Amino acid sequence: MARTQKPLYWPNVLFLTLSPLAALIGAVVYTRLYGIHPLEITLFLLMFFATGLSITGGYHRHFAHVSYKAHPLVRLFYLIFGACALQNSVLNWASDHRNHHKYVDTERDPYNAALGFWTSHIGWIFYQSPVDRSFTNVGDLLRDQWVRWQHRYHWQVAVVVGFGFPLLAGALIGRPVGGLIWGGLVRVVFVHHMTFFINSLAHMWGRQPYARTDTSRDSWWLAFLTNGEGYHNFHHRFPSDYRNGIHWYQWDPTKWMIWALHAVRMTERLHRIPPHLILKARVEVDAIDAEMHLQRIAPELGVSWRQRLEAAKVRMDHAMVQWAEAKAKIRELKETAWKDSEHTRHAAADEARRAVATARQHWKAKLQEYESRLKGARNEWRLLLQGLSNIPA
Ligand SMILES: [Zn+2]
Ligand SMILES: [Zn+2]
């Protein structure tokens, strides 16, 4: 419990305990006295998404994990509205977060979930003073002059943009205090706890389909509350992926924002983990569950089931390797074709291009074959797991 031996950092304690109270009392009293104006709701939503997505898509997936590249204007937006979320500078945030991934669930994890809900949610910030910081793990960010600028002025930015803008916008309709309460205070508290839930609840509630090596969990309802960050088990297993919810139907507005920015060329090199590696991770977790069940059933049954499962797993591993090889081959041939297209005037190029096209056709056919083989192996694996789970312990 080394963290709790540190002295309390009172500015953080006071702000984090008084801001929810002030937001609640302010919103209730103001609404009872003056009602609520559509502009105040608009300001709340606008600032909630601008600052919330700057934390999830900016501070987290772009700066801390470098899971994609972003246009300087997008980075500046993240730095300004991330500062308005009042979660410290991106240097501090990313440094803590990289430590969280590196030392997850240990004493060196800044928001160690092993210490319980309270400490991992908000308690850890009570002890975090700005003077005991080292930025050795964010050297790449330190090289950026705008990141250094944000580190120096994030408080000023938060006051001017995070509170000044909603105040001014409210003043336009003669309700500056309403603008400040909804677009500033209430919004800050919502985004705070949205982020804090990822450090606390996303390490406590939900499923673990991708890894059992730490406490991180996947939860659709938490994803709904956190702009997609609730698929936290996947994220801890594959932190360099720009997505947290990998399926199209999984609620991940942060992923959709990054993708939409990519469509207008404002982000690039969106990193996706190849599907066969994701499947491999799932199968490894399935195998852990299967082994636990095998331990509980009659030994004579266990032996034959273990053999069948091992054989099915070998078939699936083999199919995954073949699929990945065919995919890599097609990618390689595509690059070759692209390079060759620069030499269209050479007579020999025609011959070479035809050879590349034939090879691509061949590997595309192979890919289809491997895909159906993988599908078959996967179905067999699923049926076996289902059959095993039906055997009473
Ligand atoms: Zn985590
Ligand atoms: Zn992360």
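Which domains does the domain assignment give for the chain, and which residues touch the most other members of the largest nonpolar core?

A: The model is a predicted one. Its domain assignment lists domain 1 (2-268) and domain 2 (275-389). The centres of domain 1 and domain 2, taken over C-alpha atoms, are 38 Å apart. Seven residues from domain 1 and five residues from domain 2 make the contact. On the side of domain 1 that touches domain 2, four residues are nonpolar, one is polar and two are charged.

Now the core itself. The largest nonpolar core has 54 residues, and within it Tyr 59, Cys 84, Val 90 and Ala 94 touch the most other members. Two or more residues of this core come from each of α2 (38-64), α3 (72-84), α4 (90-102), α7 (145-171), α8 (176-199), α9 (220-225) and α11 (253-263). Leaving aside residues up to four places away in sequence, Ala 94 touches Tyr 59, Phe 63, Ala 64, Val 138 and Leu 141. Another core lies apart from the largest one; it has 12 residues, including Val 283, Leu 333, Tyr 370 and Trp 381.

Two of the contributing helices also pack on each other. The axes of α2 and α11 are 9 Å apart and meet at an angle of about 75°, which means α2 is roughly perpendicular to α11. From α2, the contact uses Leu 53, Thr 56, Gly 57 and Arg 61; from α11, Thr 254, Met 257 and Ile 258. By class, this contact of α2 with α11 has three nonpolar, three polar and one charged residues.

How values were computed. Residues numbered from 1 in each chain as written. Chains lettered and ligands numbered in written order. Predicted model: local features only at pLDDT ≥ 70, side-chain atom pairs only at ≥ 80, totals over all residues. Core = buried A, V, L, I, M, F, W, Y, C linked by C-beta atoms within 7 Å. Buried ≥ 20, exposed ≤ 12 C-beta atoms within 10 Å, placed from the backbone. Helix = DSSP H or I, 4+ residues; strand = E, 2+ residues; numbered from the N terminus. Contact = placed C-beta atoms within 7 Å. Domains from an automatic or database assignment. Nonpolar A, V, L, I, M, F, W, Y, C, P; charged D, E, K, R; others polar. Axes fitted to C-alpha atoms, helices over the stretch in contact; angles between N-to-C directions. Parallel < 35°, antiparallel > 145°, perpendicular 65-115°, else oblique.
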